[in-house]
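Work through the exercises below with the structure open. Each task is followed by a solution in steps.

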Amino acid sequence: AGEYAEVTAPLGWSRYLGARGRFEWDDGDAERATETFREMFDYTSEHELYSRAVDAAHMIALTGEPKEKLEWAVKGIEMAEKGGLHGWLGPLWNNLGWDYVEAGQYEKAREALENAREYHYMGTAEIPKVIADYSVAHVMRLQGELDEAREAMRDVHRRAMELHESGQRDALEWVGFSRWELGEIDIAEGSVSEGVAKLRTALGELEEAGMPAWDEEDWADRQARLKELESN
């Protein structure tokens, strides 16, 4: 594609850059991919291809260095708002919120994730709404608002169960994630044995959902967390 793409053809050249950056990321070269996505962002911004500029910013928020992630997540949101691209705003606010979670900035994380939830609720798909509510409830727990977090997470768990029972296999991971959160709330309140039982069941659900294949690091962390609690 690189042999045929021409920089004078905005739609073709921007598509090429987006594909090239993704191949570079898949090859494990995040630094090179980030450079490509920066080039794509500058090029698409210049040519007022707002949707593709948002895509480029979104990708840099994934491939960039930790200090870049927040900056580019915000740029993506600004570009989406400028272009009236409401379909992008749910995922972008969600990514920004989780970046704030990783940075330990829970108040900002909650605000961003509540914004994400507002946009996800504009759609008709149910799983994005479940994920949005899960994300906010997760931050509630991190902020120490355990009663509110439990109430919200129980609702998430109930809805995820209903979706899974109706045949939506993608809902199973959210059955597991929400049960895990309920277990962590039990543990935080001192009901350790009850919490550990929930974590054990949740781990089985997450394994069935394929988590060891699509998030090996988080899967290993959860196994270690459960093992540590069981040994005490």
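**Exercise 1. A lysine and its surroundings**

Task: Decide whether K129 is buried or exposed, and list what K129 touches.

Solution. The model is predicted.
- Step 1: The relative accessible area of K129 is 12%.
- Step 2: Buried means under 20%, so K129 is buried.
- Step 3: K129 lies in helix α7, residues 126-142.
- Step 4: Find the partners. Not counting residues up to four places away in sequence, K129 touches H120, Y121, G123, T124 and R159.

**Exercise 2. An alanine in α3**

Task: Classify A56 as buried or exposed, then find its contacts beyond its sequence neighbours.

Solution. 
- Step 1: A56 is found in helix α3.
- Step 2: Its relative accessible area is 0%. The cut-off for buried is under 20%, so A56 is buried.
- Step 3: Leaving aside neighbours within four places in sequence, A56 is in contact with F37, M40 and F41.
- Step 4: A56 and E181 are 125 residues apart along the chain, and their C-alpha atoms are separated by 33 Å.

**Exercise 3. How α3 and α4 pack**

Task: Describe the relative direction of α3 and α4 and the handedness of their crossing.

Solution. 
- Step 1: Take α3 as residues 50-63 and α4 as residues 66-82. Their axes come within 8 Å.
- Step 2: The axes cross at roughly 165°. Angles over 145 degrees count as roughly antiparallel, so α3 and α4 are roughly antiparallel to each other.
- Step 3: The crossing of α3 and α4 is left-handed.
- Step 4: Inspect the contact. On the α3 side, the residues include Y50, V54, I60 and L62. On the α4 side, they include K69, W72, M79 and K82.

**Exercise 4. The faces of α12**

Task: Check the span of α12, then work out how its buried residues are arranged.

Solution. 
- Step 1: Helix α12 has 16 residues, 216-231. At 1.5 Å a residue, α12 should span 22 Å.
- Step 2: The end C-alpha atoms of α12 are 23 Å apart, which agrees.
- Step 3: The buried residues of α12 are W219, R222, L226 and L229. Down the axis of α12, they fall within an arc of 95°, so they line one face of the helix.
- Step 4: Recall the geometry. An α-helix has 3.6 residues a turn, so residues three or four places apart point the same way.
- Step 5: Turn to the other side of α12. There, E216, E217, K227 and S231 are exposed.
- Step 6: Find the packing partners. The buried residues of α12 pack against α9 (172-188), α10 (192-208) and α11 (211-214).

How values were computed
Residues numbered from 1 in each chain as written. Predicted model: local features only at pLDDT ≥ 70, side-chain atom pairs only at ≥ 80, totals over all residues. Heavy atoms only, no water. Helix = DSSP H or I, 4+ residues; strand = E, 2+ residues; numbered from the N terminus. Expected span 1.5 Å × (residues − 1). Buried < 20%, exposed > 50% of the residue type's maximum accessible area, 1.4 Å probe, protein only. Arc of directions from axis to C-beta. Contact = heavy atoms within 4.5 Å. Axes fitted to C-alpha atoms, helices over the stretch in contact; angles between N-to-C directions. Parallel < 35°, antiparallel > 145°, perpendicular 65-115°, else oblique. Left-handed = near helix turned anticlockwise from the far one by under 90°.
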